[in-house]
Structures are given as C-alpha cells and as structure tokens.
Amino acid sequence: MSSPTGPSSGLPVRMPRPRQPGRHRRPEPLAAPEGAPALVLAVPGTPSAATRGLAEEIVSIARSELPGLDARIGYLDGDDADFPTLQNVLSYTAEERTARYEQARAAGLEVKEPDGPVAVVVPLLAGPDGSLLRQVRQAVMESKVAADLADVLGPHPLLAEGLHVRLSEAGLARADRARLFTVATAADGIVLATVGGEEAVQAAGITGMLLAARLAVPVMAAALDEEGSIASVAGQLRSSGSQQLALAPYLIGPEIDASLIAAAAEEAGCAAAEALGPYPAIGKLALAKYTSALGIAPPQPQGAPTR
C-alpha cells in the first residue's frame, strides 16, 4: 500500500519524466487538420492485385505519418468494380463531405459549410510523364470536383536511396560503399530507365546524379519509351570505360508493363534491378506532396546520407 507521499514499503516510485524544455524538446506528433481534404493516390497502369497491394501499402505509410489522414486510391484505368476510377473516387469523396455537413446541421450542430478542395490528387509517378499526367488532369476535370493536383514524387534523395537498395538487392551494387568488401557482380555504370520522353529523362538525371554520388559510378538516364534511347546510353557508358552495366528502373512499377524492363535490359546487354515498388519512402514522399499542396508542414522526408 502507499500513501499520498509515497509507498509505505519505502520502495522508490517511478515518476513520469518531465517534458524537456527548450530547443531539444521532442516535437509533438502532428495530425491531419479537421476537415482537411482527402489524399487521393492516382495509380496509373493496368490494375491488378499486385498494384492494389502496392498502393494500399503506400497509403498505409502515409496514414501512419499523419494520423487522421483520409487517404484513398483511384485508378486511371479502373473498372469501378474491384478498382474504382479516379474520377469516381473524387466524386464519392465530395458526396461524403457534403453528407457529413448536412448530417451535422440536421443534428443541430453549428458547423462551417465546407469549402476549399475536396481532395489533393497525388500521382504515383517517380518522374513527369506527360501522357499519364494528362490522364490524371482529365479524370479530375470529368469528376467536376474541386481538387488540387500535386506534383510527381521526384526528383528526391530518397528515390536515389531506393534505387541503390534495389540495385544492391539484385547483387548489382554494394549495399554500403564504406565497407571493406566487394560485390563481384557490382556494376561500374548504371542506365537509369524512365518513361515520359525527354522531360522525364532530364528529371531522372537529377536523381541519377544523387545515385552516382552514392555508388561512385557513372549514371545516365534513358527513356524506355523512345526507340534506341536505352542502347544509345549503354553505348555511351561503355565508350567512357564502363564494362559491367546495370539497368535501374526509375519507376514505381504500375506505370508500365514489366516486360518492357526485361526487354530494355536485353537491349542494353546487362542485368536489371526491380522497380522501386512499395519502397517505404514512397509513402512519405506522397504525403509530403499532399502537405505541400495544402501548406501544412510536417517534417519533410530527408534522404539518408551518402555512404
């Protein structure tokens, strides 16, 4: 038993730790503002169970980073059965917001009429792809819903980190350049494969420079959707002294047929890593695009330092 002044047995009492004052105080966890727009992840490509699993993992990460976040998934080529289209997800989100407001008014609550965007649409794309982004804009227009369109996820240091991880998983790069061991199959030149034409190649080149700094090998971007681009870049790397190339897809995955990656690797005469897929940082980057569009500022995801 104990008294208000302490335990009668004389044993020490574990007291709660006081909150640490000053600039070293741990920041309070952020939550989504009340009434904030939904984050709608716009998923390109042909829907499949694997694509849905990837998208669900990404929105799960975003929710864990911002409690209270309303995150949804819309497919550019959905069928509105198992895979809801982006425009229908936006329409349903708007209807839900209106219904919540009307229910609150009917219950006698004083609530502000909702205004501002219903959603922020975040394209699930590592880099700019004009064709796919036009599809996203068209879907938003057809929904007739007020929605903001965020930018694509890259370029960003975390994407370079993800590419490094995928290359190391395939045995094509050292996991840690600082360690004193070598990987016999490690590439000495990287073809960074993207889609979206010249604009996408230029954007991928920025992430490619970050990847080159991590690996200490040359990295050059090429377009999967431009005939001869992959072979041309592979030839340039070999002519500059690279003997063992690797292909790193600068892609999340759903935006293209996976067979195109294998065909590109064969064209370049090298092995290929997997696409970025549900790399954990993808969810954080999607959330960062959402919060930037709204002007709210949780800590921005930072790339790991180059090793």
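Start with a question: is His164 buried or exposed? His164 is buried, because its relative accessible area is 4%. Buried means under 20% relative accessible area, exposed means over 50%, and partly exposed lies in between, with a 1.4 Å probe and protein chains only.

Before going on, a word on where this comes from. This is a predicted model, in which local features need pLDDT of at least 70, side-chain atom pairs count only at pLDDT 80 or more, and totals for chains, interfaces and linings use all residues. Residues are numbered from 1 along each chain as its sequence is written, and side-chain values use heavy atoms, with hydrogens and water left out.

Back to His164. Find His164 in helix 4. Helices (H or I, at least four residues) and strands (E, at least two) are DSSP runs, numbered from the N terminus. Now the contacts, meaning heavy atoms within 4.5 Å. Set aside neighbours within four places in sequence, and His164 touches Ala173, Arg174, Ala175, Leu211, Arg214 and Leu215.

Now zoom out. The chain has 307 residues, and 45% of them count as buried. Count the elements and you get 8 helices and 10 strands. Take the contacts between residues at least 6 apart in sequence: 74% of them join residues at least 24 apart. The accessible surface is about 16,300 Å², and carbon and sulfur atoms hold 52% of that. The areas come from the Shrake-Rupley method with a 1.4 Å probe; for residues, only the protein chains shown count as cover.

Next stop, helix 5. Ala204 sits there, within residues 197–215. Ala204 is buried because its relative accessibility is 0%. Beyond its neighbours within four places, Ala204 is in contact with Leu192, Thr194, Ala221 and Tyr250. Look at Ala221: it lies 17 residues from Ala204 in sequence, and 6.2 Å away in space, C-alpha to C-alpha.

On to helix 7, residues 259–268. Which of its residues are buried? Ile261, Ala264, Ala265 and Ala268 are. They lie on the same side of helix 7 because they cover an arc of only 100° around the axis. That arc is taken from the directions from the helix axis to the C-beta atoms. An α-helix has 3.6 residues a turn, so residues three or four places apart point the same way. What do the buried residues of helix 7 pack against? Their partners are helix 6 (229–239), strand 9 (245–249) and strand 10 (271–272). Just past helix 7, Gly269 takes a positive phi of about 70°.

Now some backbone details. The peptide bond from Gly154 to Pro155 is cis, with omega near 0°. Pro155 is in the loop between strand 6 (147–149) and helix 4 (157–169). Asp80 is not a glycine, yet its phi is positive, about 60°. Its loop runs between strand 4 (71–75) and helix 2. Asp80 counts as partly exposed because its relative accessibility is 42%. Lys144 is not a glycine either, and it has a positive phi of about 55°. Look for Lys144 in the loop between helix 3 (130–143) and strand 6. Lys144 counts as exposed because its relative accessibility is 78%.

A cavity is a set of points where a 1.4 Å probe fits but cannot get out; a pocket is an open set with protein on both sides within 12 Å along at least five of seven lines; lining residues have an atom within 4 Å of a point. Points are joined across faces, edges and corners, and a volume is the space filled by probe spheres set on the points.

The largest pocket holds about 570 Å³. Of its 22 lining residues, Glu34, Gly35, Ala36, Arg97 and Arg100 are the closest to the centre. Helix 2 (residues 86–106) gives the largest share of that lining, 5 residues.

How many cavities of 30 Å³ or more are there? The structure holds 1. The largest cavity has a volume of about 40 Å³. Its lining includes Thr194 and Tyr250, and both of those are contacts of Ala204.
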